[in-house]
Amino acid sequence: MTLPVTRAVDLRRESLDGVLDRVERSLQVRLDRETVVCKRRTVGARTDRDSWVRVERRGFDRIGAQGWNGPESAAVLSGVVMPSWYAGFSWREPGEPVMWRADEMELVNAAPVGQAALVIEDPGLQDAWWSALSASLDALATQSAPRVATPDTETITQELVTRTLGEVFPEVTDTTLEEWRPAHADLTWANVTGPEFCMIDWEDWGMAPRGLDAATLWGHSLVVPALAERVWSERRPDLESRSGLLMALFFCAKVAGPHAHPEDPRLEPARKEAARLIAELGDAGQRPRGSRPH
């Protein structure tokens with residue numbers, strides 16, 4: 001079945017008073033309009049009961065069979081530092097193949113480490129921050145997920161990884177992903193807070209190849225070599241598994257592939273790291289299963 005094309009809308013350029021009024025009525029809260037943060041597809045605001053409400057507009061073409069209740073379904077996770085989820089609801093936009101969803105959750109006072117997905121300067125995070133990151137990722141990996149991760153709005157599958165790597169690095173012939181675990185699936189510097197650690201924005205979480213989260217954070221650190229090395233060091237068991245090496249190469253393929261932006265500061269580091277990863281994957285094929293490179 002072909003889904004109808006969704007009209008492109010940038011919420012930063014739209015009047016949202018009616019949407020926000022509806023959210024207030026349905027959740028029985030008052031939104032502080034002075035705290036409203038608008039992005040292209042989402043809008044958020046603080047409430048009069050010291051919670052945070054996030055509202056997203058999403059087309060039918062980006063809502064699969066598993067739905068799009070990521071924050072709600074993530075509420076059952078334990079041992080992960082994340083905002084508590086309180087309530088949510090959704091509705092269809094009249095006359096459009098579009099759904100809206102609002103989620104009320106715990107207010108996180110700490111600011112995101114990065115204003116964007118990547119960072120260009122070392123944020124100077126303390127050891128306690130790194131310990132909290134690793135503890136949360138380790139706890140997440142031991143649990144189950146009723147959904148499949150959708151990084152970059154596309155459900156991650158074996159076929160997607162094989163196709164992406166084949167287009168950019170055809171010399172990598174074995175792309176089999178044997179280890180799958182729950183993942184946040186959008187672990188960028190904009191979705192972790194500091195100096196107090198917290199993982200936010202759980203819309204796309206689900207089952208994913210081992211190492212996806214570590215590879216994503218590592219890839220968005222490539223402009224700061226010492227930071228990228230710290231991520232790799234902290235998550236070495238994940239990243240140096242065969243699945244983790246493939247996920248790191250998968251990230252590089254998206255940065256350095258056919259749609260590479262020549263001004264992307266990650267481009268040259270990604271190309272350099274890709275050569276190393278391809279060599280590691282070749283070596284890994286010669287090592288006994290379960291062994292690690294030195």
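How many bridges join strand 4 to strand 5? In this predicted model, seven bridges join strand 4 (residues 85-92) to strand 5, and the two run antiparallel; strands (E, at least two residues) and helices (H or I, at least four) are DSSP runs, numbered from the N terminus, and two strands pair if DSSP finds at least two bridges between them. Residues are numbered from 1 along each chain as its sequence is written. Because the model is predicted, local features need pLDDT of at least 70 and side-chain atom pairs count only at pLDDT 80 or more, while totals for chains, interfaces and linings use all residues, and side-chain values use heavy atoms, with hydrogens and water left out.

Eight of the nine residues of strand 5 are buried (under 20% relative accessible area, with exposed over 50% and partly exposed in between; 1.4 Å probe, protein chains only), so strand 5 is largely enclosed by the rest of the structure.

The largest pocket has a volume of about 1500 Å³. A pocket is an open set of points on a 1 Å grid over the protein atoms alone, where a 1.4 Å probe fits, with protein on both sides within 12 Å along at least five of seven lines; lining residues have an atom within 4 Å of a point. The volume is the space filled by probe spheres set on the points, which are joined across faces, edges and corners. Of the 46 lining residues, the closest to the pocket centre are Lys 39, Asp 186, Ala 190, Asn 191 and Asp 201. Strand 3 (51-59), strand 5 (98-106) and helix 5 (212-219) are among the elements that each supply at least two residues of this lining, and strand 3 gives the most, with four.

Gly 219 lies in helix 5 and counts as buried, at 0% relative accessibility. Gly 219 touches Phe 251 and Arg 266, not counting residues up to four places away in sequence, where contact means heavy atoms within 4.5 Å. Gly 219 and Pro 269 are 50 residues apart in sequence and 9.1 Å apart in space, C-alpha to C-alpha.
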